[in-house]
Amino acid sequence: MLCGLAAPALAIGGEDGPPVAALPAASAAAQSDLVDFDIPAQPLADALRRYASQSRQPALYQSGVVAGRTSSAVRGRHTAAAALRLLLEGSGLAAEPAGPGPDAAFVLRAVPAPPMTGRRAWPATPGIPR
């Protein structure tokens, strides 16, 4: 199921395509414009709706892509691109340009989990030697 936040938007993907969602990019001038954002951490679908409203950047995505994911809070003056990066921090998703040029759409892609390095320290349990 596709959930539209505002029109016009570009949907990319399908059964064979790995892209999971698309967010149209702003023009080069709009990318440098600062916007006041006030988006609390919340379910990602709700956060993307607020992002679209506050940035005036349309978004279209598959509801399954954002289901169960939470956004980071975004507050203060940011470009639309910077605010989107901040919004997606910790969600397991990242926005990437879908093509060349300033008017290319952004595609939400899953971010691979970083590999665990070193030994994991388990808390000491009383009475059990290490």
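Predicted model: local features only at pLDDT ≥ 70, side-chain atom pairs only at ≥ 80, totals over all residues.
Just after helix α4, Gly90 adopts a positive phi of about 80 degrees.

Helix α4 covers residues 80-88. Seven of its nine residues are buried, so α4 is largely enclosed by the rest of the structure. The buried positions are Ala80, Ala81, Ala82, Ala83, Leu84, Leu87 and Leu88.

Part of the surroundings of α4 is helix α2, residues 44-55, which packs against it. Two packed helices are described by the angle between their axes and the distance between the axes. For α2 and α4 the angle is about 170 degrees, and the axes are 11 Å apart. Because angles over 145 degrees count as roughly antiparallel, α2 is roughly antiparallel to α4. The crossing of the two helices is right-handed.

On the α2 side, the contact is made by Leu44, Ala47, Leu48, Tyr51 and Ser55. Facing them in α4 are Ala80, Ala81, Ala83, Leu84, Leu87 and Leu88. By class, the residues of this contact comprise ten nonpolar, one polar and no charged.

Ser55, which belongs to helix α2, counts as polar under the classification used. Apart from neighbours within four places in sequence, Ser55 is in contact with Val35, Phe37 and Ala80. Ala80 is one of the buried residues of α4.

The other serine, Ser91, is located in the loop between α4 and β6 (93-97). Is Ser91 buried or exposed? With a relative accessible area of 7%, Ser91 is buried. A polar atom of the Ser91 side chain lies 3.1 Å from the backbone nitrogen of Leu93, and β6 covers residues 93-97. If residues up to four places away in sequence are not counted, Ser91 touches Leu44, Arg69 and Thr70.

Notes. Residues numbered from 1 in each chain as written. Heavy atoms only, no water. Axes fitted to C-alpha atoms, helices over the stretch in contact; angles between N-to-C directions. Helix = DSSP H or I, 4+ residues; strand = E, 2+ residues; numbered from the N terminus. Parallel < 35°, antiparallel > 145°, perpendicular 65-115°, else oblique. Left-handed = near helix turned anticlockwise from the far one by under 90°. Contact = heavy atoms within 4.5 Å. Buried < 20%, exposed > 50% of the residue type's maximum accessible area, 1.4 Å probe, protein only. Polar contact = N/O pair within 3.5 Å; in protein donor to acceptor, adjacent residues only side chain to side chain.
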